Amino acid sequence: MKINSYAKINLSLDVLDLREDGYHNIDTIMNLIDLHDVIEIDRNNTNELKLSSNNSNFPTDKTNLIYKIFENLKKFRKINCGYDVFVDKQIPISAGLAGGSSNACEFLMYVNDDLSLNLSNEEIKEICRLTGADTFYFTSKKCVRATGIGNEFVRLSDFSNKNIIIVNNGMSISSKDVYDNLKESNGGLGKITVAIDSRDYETFYRQAFNTMESVSEKLVEEISDIKEQLNNLGADLSLMSGSGPTVFGIFENYNDYENCYNKLKDKYKYVFKTKTL
């Protein structure tokens with residue numbers, strides 16, 4: 001069975017306080033994009049999970065979120081089989097696009113259906129929480145404002161079919177390093193949420209922010225350069241997604257969108273032309 005596993009971008013992101021469980025409370029707006037991995041899943045009779053990928057940097061051991069979510073699932077249901085999982089990796093790894101979380105969630109939902117486990121929404125939410133902070137988002141697949149650790153959702157107005165350029169220079173950033181060096185938050189996303197929900201995109205493009213940029217731009221200086229290039233090439237908004245280093249640009253003008261892609265496609269390791277879903 002082959003399934004698509006989509007990336008997400010943070011249309012805005014504010015990191016709030018540190019929680020007792022080690023996570024941070026956040027306030028973010030998330031939306032899927034059409035950039036996706038393809039996961040091929042086959043049941044086996046070994047009771048083991050066997051991971052492989054076309055990408056040599058893809059972890060195939062216990063650090064992989066697919067492995068973690070399978071182990072966490074076993075805390076809720078008895079599983080008497082294993083799976084062979086091949087991930088055709090198109091989403092850059094450790095890039096702020098939550099490809100690993102998306103892979104894990106899609107695998108969980110597949111196994112739930114394949115074995116008729118009938119997991120409740122609360123059980124799925126807890127399995128995802130045990131696995132990774134933003135994993136549960138991929139059960140939603142909508143434009144949402146997410147709070148808590150990123151698993152409490154309020155549905156926002158549709159934000160699909162926006163022209164998106166994704167740029168990633170091939171470097172990776174440790175989310176932990178960014179969180180450990182963050183300063184005070186900007187006080188949440190109230191005004192930005194209202195702007196998106198009312199489709200006041202001019203206000204949204206003007207006010208959108210990611211508090212993680214202040215740290216990540218020091219770790220990878222090229223982030224600032226990429227944002228500036230996107231702006232100069234006509235982006236209505238350029239912003240880092242998650243903890244980075246991926247930067248995205250939103251283009252209302254289709255000609256600017258095409259021109260930007262052609263200008264940057266050979267300049268960085270990863271440049272994708274995609275859309276919001």
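Ground rule for naming elements: helices (H or I, at least four residues) and strands (E, at least two) are DSSP runs, numbered from the N terminus. This is a predicted model, so I keep in mind that local features need pLDDT of at least 70 and side-chain atom pairs pLDDT 80 or more, while totals for chains, interfaces and linings use all residues. Residues are numbered from 1 along each chain as its sequence is written, and side-chain values use heavy atoms, with hydrogens and water left out.

**Backbone**

I looked up A98 first. A98 sits in the loop between strand 4 (82-88) and helix 2, and has a positive phi of about 60 degrees although it is not a glycine. Next I went to P245, in the loop between strand 8 (237-240) and strand 9 (247-251). The peptide bond joining G244 and P245 is cis, with omega about 5 degrees. I noted both, because most residues other than glycine have a negative phi, and most peptide bonds are trans.

**Helix 1 on helix 2**

How do helix 1 and helix 2 pack, by angle and axes? I get an angle of about 40 degrees, with the axes 8 Å apart (axes are lines fitted to C-alpha atoms, for helices over the stretch in contact, and angles run from 0 to 180 degrees between N-to-C directions). That makes helix 1 oblique to helix 2; angles under 35 degrees count as roughly parallel, over 145 as roughly antiparallel, 65 to 115 as roughly perpendicular and the rest as oblique. The crossing is right-handed, meaning the near helix is turned clockwise from the far one by less than a right angle. For contact (heavy atoms within 4.5 Å), helix 1 brings L65, I66, I69, F70 and L73, and helix 2 brings G100, S101, N103, A104, C105, F107, L108 and V111. By class I have 10 nonpolar, three polar and no charged residues there. Here Ala, Val, Leu, Ile, Met, Phe, Trp, Tyr, Cys and Pro count as nonpolar, Asp, Glu, Lys and Arg as charged, and the others, Gly among them, as polar.

**Helix 3 with both**

Helix 1 (residues 65-73) meets helix 3 (residues 121-131) at about 135 degrees, axes 9 Å apart, which makes this pair oblique. I find L65, K68, I69, N72 and L73 of helix 1 against I127, C128, L130 and T131 of helix 3. That contact has six nonpolar, two polar and one charged residues.

Helix 2 and helix 3 pack at about 140 degrees, axes 11 Å apart, and their crossing is right-handed. L108, M109 and N112 of helix 2 touch I124, I127 and C128 of helix 3.

**Pocket**

About 1200 Å³ of space lies in it. Its lining counts 46 residues, with L65, S101, D134, S175 and S243 nearest the centre. Helix 1, helix 2 (99-114) and helix 4 (175-180) are among the elements supplying at least two lining residues each.

How values were computed
1 Å grid on protein atoms, 1.4 Å probe; cavity = no way out; pocket = protein on both sides within 12 Å on 5 of 7 lines; lining within 4 Å. Points joined across faces, edges and corners; volume = space filled by probe spheres on them.
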